[in-house]
Amino acid sequence: MSRRRMHEKDAIVLAGLLGAVILLLFSPLWGPMIWKGPELASQPKVSSGSAVKKEEKKQEEPEEQLPVVDDTGMTLAERINPPEGYRRSEKEQGSFTEFVRSYNLKKSTGVVKTWDGTKREDQSGVKAVFKLPLAKENLQWGAGTVMRLYGEYFWTNRQFDKLSFQFSDGFKAEYTKWREGFRIRKDATGSIWVNGGELDESRENFEQYMHTVLTYTSAATLEKETKKIKKNEIQVGDIFLKTGTTSDAAVIVDVCENEAGQKAFLLAKGGSPAEQFHLLKNPTHEEDPWYYVEELTYPLATPEGTFEKGTLRHPVYLD
């Protein structure tokens, strides 16, 4: 009798164990882990894959194209953005490119004024006005404006050994000697240095030096300190220079380039009578002031005159 009861008890325990095993095997929670554990372990998490795809999509999105002209910008680089597909060329710290790109501009509503403070009548070709100093005399014409820009760059960056301009008689007006106290005297034989004082590094003394330079230089003297270049060699600081009775000059103040190596540039100039340095519009592109090298033919037309073939030149000052 007792042996029969033990068999019944064992059968009940065994049936309970079998029921537990069956429950585990077919449970929605534990079944997949038992039957498909290796397969599930090798599959990536869905959330992780979605994050990777989102990151890839974010990286592939193109950069937002800024408007070419931003009227709120107060420097050249801030006011004028490269056209679509173009990037500004790299600039070195202390370079002429950096100097011009970061040069302060008048507000977008600013206008070009002449040396005596009067508003120039025709403003239609002006895109922006630089705050480049302009003497209260009718000296700083087209070529003079270019020399003033070079002079301001060398003086600001203390490259005094490069601050030198040639007079019409061939005399080299070196700022290093002027700074030391020497002065320039003109006589029948030409220009000579005379001892006139002590070392002076002040802004006022530099202004006096530039006044003397602008008095005895011209487009013809500037031409002697430049060399002809081809349009594919264009870089910031190069100029279009016209000599003669209708002399004029415009300087390239910025350059950008696309992936194909095609360049575009910005032009700025002064004028006659002496007037403020200003950025020119491109007459072939109403809202875009960039001039495209691929479109460049001669005579080059600007809103304020033309430049013939052979007028594109590189200044030796920047070598």
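Me: Buried means under 20% relative accessible area, exposed means over 50%, and partly exposed lies in between (1.4 Å probe, protein chains only). With that in hand, why is Phe-99 called buried?

Reply: Phe-99 has a relative accessibility of 11%, so Phe-99 counts as buried. Bear in mind that this is a predicted model, where local features need pLDDT of at least 70, side-chain atom pairs count only at pLDDT 80 or more, and totals for chains, interfaces and linings use all residues. Residues are numbered from 1 along each chain as its sequence is written, and side-chain values use heavy atoms, leaving out hydrogens and water.

Me: What makes Phe-99 and Tyr-103 an edge-to-face pair?

Reply: Rings of Phe, Tyr and Trp (its six-membered ring) pair if their centres lie within 6.5 Å; planes under 30 degrees apart are stacked, over 60 edge-to-face, and the rest tilted. By this rule there are 22 aromatic pairs. For Phe-99 and Tyr-103 the centres are 5.3 Å apart and the planes stand at 75 degrees, so the pair is edge-to-face. Tyr-103 is buried too, because its relative accessible area is 13%.

Me: How do you know that Tyr-175 and Phe-206 are edge-to-face?

Reply: Their ring centres are 6.1 Å apart and their planes at 80 degrees, so this pair is edge-to-face. The pair links distant parts of the chain, with Tyr-175 in helix H8 (residues 175-180) and Phe-206 in helix H9 (residues 203-216), 31 residues apart. Helices here are DSSP runs of H or I with at least four residues, strands are runs of E with at least two, and both are numbered from the N terminus. Both Tyr-175 and Phe-206 are buried.

Me: Which residues do ring pairs link into a cluster?

Reply: Among them are Phe-96, Phe-99, Tyr-103, Phe-130 and Tyr-150.

Me: Why is Glu-152 called buried?

Reply: Glu-152 has a relative accessible area of 3%, so Glu-152 is buried. This residue is found in helix H7. Its side chain joins that of Arg-148 in a polar contact of 2.8 Å; the term covers a pair of N or O atoms within 3.5 Å where, within protein, one must be able to donate a hydrogen and the other to accept it, and residues adjacent in sequence count only if both atoms are side-chain atoms. Not counting residues up to four places away in sequence, Glu-152 touches Phe-99, Leu-132, Pro-133, Arg-203, Phe-206 and Glu-207, where contact means heavy atoms within 4.5 Å.

Me: What makes a nonpolar core, and how many residues has the largest?

Reply: A nonpolar core is a set of buried Ala, Val, Leu, Ile, Met, Phe, Trp, Tyr and Cys residues joined through side-chain atoms within 4.5 Å. The largest has 65 residues, and those with the most contacts inside it are Tyr-209 and Val-253. Helix H7 (residues 142-156) gives the largest share of this core, eight residues.

Me: How do you know that Arg-183 lies over the face of Trp-178?

Reply: A charge sits over a ring if NZ of Lys or CZ of Arg is within 6 Å of the ring centre and within 35 degrees of the ring normal. Arg-183 lies over the Trp-178 face at 4.1 Å from the ring centre. Likewise, the charged end of Arg-203 sits over the ring of Trp-155, 5.2 Å from its centre.

Me: What makes E5 and E6 a strand pair?

Reply: Two strands pair if DSSP finds at least two bridges between them. Strand E5 (residues 182-187) and strand E6 (residues 190-195) run antiparallel and are joined by six bridges. Arg-183 stands opposite Val-194 in E6.
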